[in-house]
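Open your viewer and get ready to select residues by number. This tour goes stop by stop.

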Amino acid sequence: MDCQKVGDLIYRLRKEKQLTQKELANQIGISDKTISKWERGLGCPDVSLLKDLSEIFQINIEKILDGKLTSNIRKGGNMKRIEFYVCPLCGNVLTSSNYVDISCCGRQLDPLTIVDHQIPFQMKNIDGESLLTFDCQMSKDDYISFVAYVEYDRYYFIKLYPEQAPEVRLPELRRGKLYCYSIKEGFMLLK
């Protein structure tokens, strides 16, 4: 851990939050002289204070330890680059339309990759909507977690649960991509 980098980062983050050294010190329960010492690179925060700093500055502890924040490459969000992420611990589903670092439950998540398998499904157009019915048991061990339909400028996301019927209604499917994530089978591109 480079104390100079960590101190520079704490200084920048404190200024972003418009906090004085005294105000930051009071929130953590230490002296403002300690904050000054960190910002001058003459010492680093004790491990016991990293959680508080992380919560105050709303950044990961590892970023504090690195002493730097890396910005995502700004290419503009593009639905062609949409990525889906699923936390293996809590099941949260996250998306991004650009290249990002995403974590959940303290773990770095990788984007889902498409498997070479498809769940059979039927599609009926009813009153300008598409009704999709999947051939899936929908048990706790094997169910469709979500269905997503991605067009060039938007996406539709439907979360499913084991106790539900394996069907979803979406706007009439045209030229977009239809994705499905099964707990057992993985992430699939259906259309």
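Is Cys44 buried, partly exposed or exposed? Select Cys44: at 21% relative accessibility, this residue is partly exposed. Buried means under 20% relative accessible area, exposed means over 50%, and partly exposed lies in between, using a 1.4 Å probe and protein chains only.

Before moving on, know what you are looking at. This is a predicted model, where local features need pLDDT of at least 70, side-chain atom pairs count only at pLDDT 80 or more, and totals for chains, interfaces and linings use all residues. Residues are numbered from 1 along each chain as its sequence is written, and side-chain values use heavy atoms, leaving out hydrogens and water.

**Stop one: the disulfide**

Cys3 and Cys44 form a disulfide, with their sulfur atoms 2.3 Å apart. The cut-off for a disulfide is a pair of cysteine sulfur atoms within 2.5 Å. A disulfide is a covalent bond between the sulfur atoms of two cysteines. A search of the whole structure finds one. Look along the S-S bond: the angle is -135°, and the link of Cys3 and Cys44 is left-handed. Cys3 sits in helix α1 (residues 3-16) and Cys44 in the loop between α3 (32-39) and α4 (50-57), so the pair ties together parts 41 residues apart in sequence. Helices (H or I, at least four residues) and strands (E, at least two) are DSSP runs, numbered from the N terminus. Cys3 is partly exposed too, at 25%.

**Stop two: cysteines without a partner**

Select Cys87. Cys87 is in no disulfide; the nearest cysteine sulfur, in Cys105, is 3.7 Å away. Cys87 is buried, at 3% relative accessible area. Now pick Cys136. Cys136 is in no disulfide either, and the nearest cysteine sulfur, in Cys180, is 7.7 Å away.

**Stop three: aromatic rings**

How many aromatic pairs does a search of the whole structure find? The search finds ten. Rings of Phe, Tyr and Trp (its six-membered ring) pair if their centres lie within 6.5 Å; planes under 30 degrees apart are stacked, over 60 edge-to-face, and the rest tilted.

Select Phe84 and Tyr155. This pair is edge-to-face, 6.3 Å centre to centre with 85° between the planes. Phe84 is in strand β1 (residues 83-86) and Tyr155 in strand β8 (residues 155-159), 71 residues apart. Phe84 is buried, at 2%. Tyr155 is partly exposed, at 33%.

Finish with the cluster: ring pairs link Phe84, Phe146, Tyr155, Phe157, Tyr179, Tyr181 and Phe187.
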